[in-house]
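Subject: Structure for your review

Dear colleague,

Please find below the structure that I am handing over to you. I would be grateful if you could read the notes after it with the model open.

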Amino acid sequence: MPKKYSEVEKANIKKDLRLHAERSLFHKGVKGTSVDELVNLAMIPKGTFYLFYETKEALFFDVLVSFRLQMQDEMMAMLQELDENHIVTSLTTVFAYLVENMYRRGIFRLLNEEEMHMISRKNEEDIYKKERKELLSFFRELFSLFAIDDKDDIDAFFNSFLLIVYSMNYADRMKKPLDAWRMLLRGLILQLVGE
């Protein structure tokens, strides 16, 4: 008979699994991570893992969604504290923060074509489309705070942002990649704002 967990225990187990999955993601990716490894790190029985996630890919997708939601909250909070008279600098700071976290926490690996394919074939086919739509919606909301609402321009910014994220797979070939990404972001934002 499976062990019954309290709501607090369930929340802690999910949090631990996401934490260990994220750490493993940076070093090994989805393909290189096993359920056995994750349950050993979280110190739970393997059967318990399946009470929370049908597959490791579902866990990694949960990591992606949790990351997006956390970043959205943190970026909006940052904007409250930044100088609204310096739109380009404020937006560059916020988006550079997102890019740095995507890189340092390994989230960019989930956007790698091979990893994406692994996750999407084990989950609903359109989950990435849904997540992409959620992120684009957030970008539009964020830019609307600065009266930037040209849909085509925001879509172009979004696609350019994704190119920066895809380049993270080659960061080891760059000198100071965070500086390069910040400069690219600033240029994109300057073009978007029109200053």
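The notes that follow concern pairs of oppositely charged side chains. Please keep in mind that this is a predicted model.

A search of the whole structure finds nine salt bridges, and several of them are described here.

In helix 1 (residues 7-28), Glu 7 and Lys 10 are three residues apart, which means that about one helical turn separates them. These two residues form a salt bridge, with their closest N and O atoms 3.4 Å apart. Glu 7 is exposed, at 60% relative accessible area, whereas Lys 10 is partly exposed, at 33%.

A salt bridge also joins Arg 104 and Glu 100, at 2.7 Å from N to O. Both residues belong to helix 5 (residues 87-104), where they are four residues apart, or about one helical turn.

The salt bridge between Lys 46 and Asp 36 has an N to O distance of 2.9 Å. Lys 46 lies in helix 3 (residues 46-52) and Asp 36 in helix 2 (residues 35-42), so this pair ties together parts that are ten residues apart in sequence.

Finally, a network of salt bridges links Arg 140, Lys 151 and Asp 155. Asp 155 is found in helix 8 (residues 151-167). Asp 155 counts as buried because its relative accessibility is 19%, under the 20% cut-off. Apart from neighbours within four places in sequence, Asp 155 is in contact with Leu 136 and Arg 140.

Yours sincerely,
A colleague

Methods:
Residues are numbered from 1 along each chain as its sequence is written. This is a predicted model: local features need pLDDT of at least 70, side-chain atom pairs count only at pLDDT 80 or more; totals for chains, interfaces and linings use all residues. Side-chain values use heavy atoms; hydrogens and water are left out. Helices (H or I, at least four residues) and strands (E, at least two) are DSSP runs, numbered from the N terminus. Buried means under 20% relative accessible area, exposed over 50%, partly exposed in between (1.4 Å probe, protein chains only). Contact means heavy atoms within 4.5 Å. A salt bridge is a side-chain nitrogen of Lys or Arg within 4 Å of a carboxyl oxygen of Asp or Glu.
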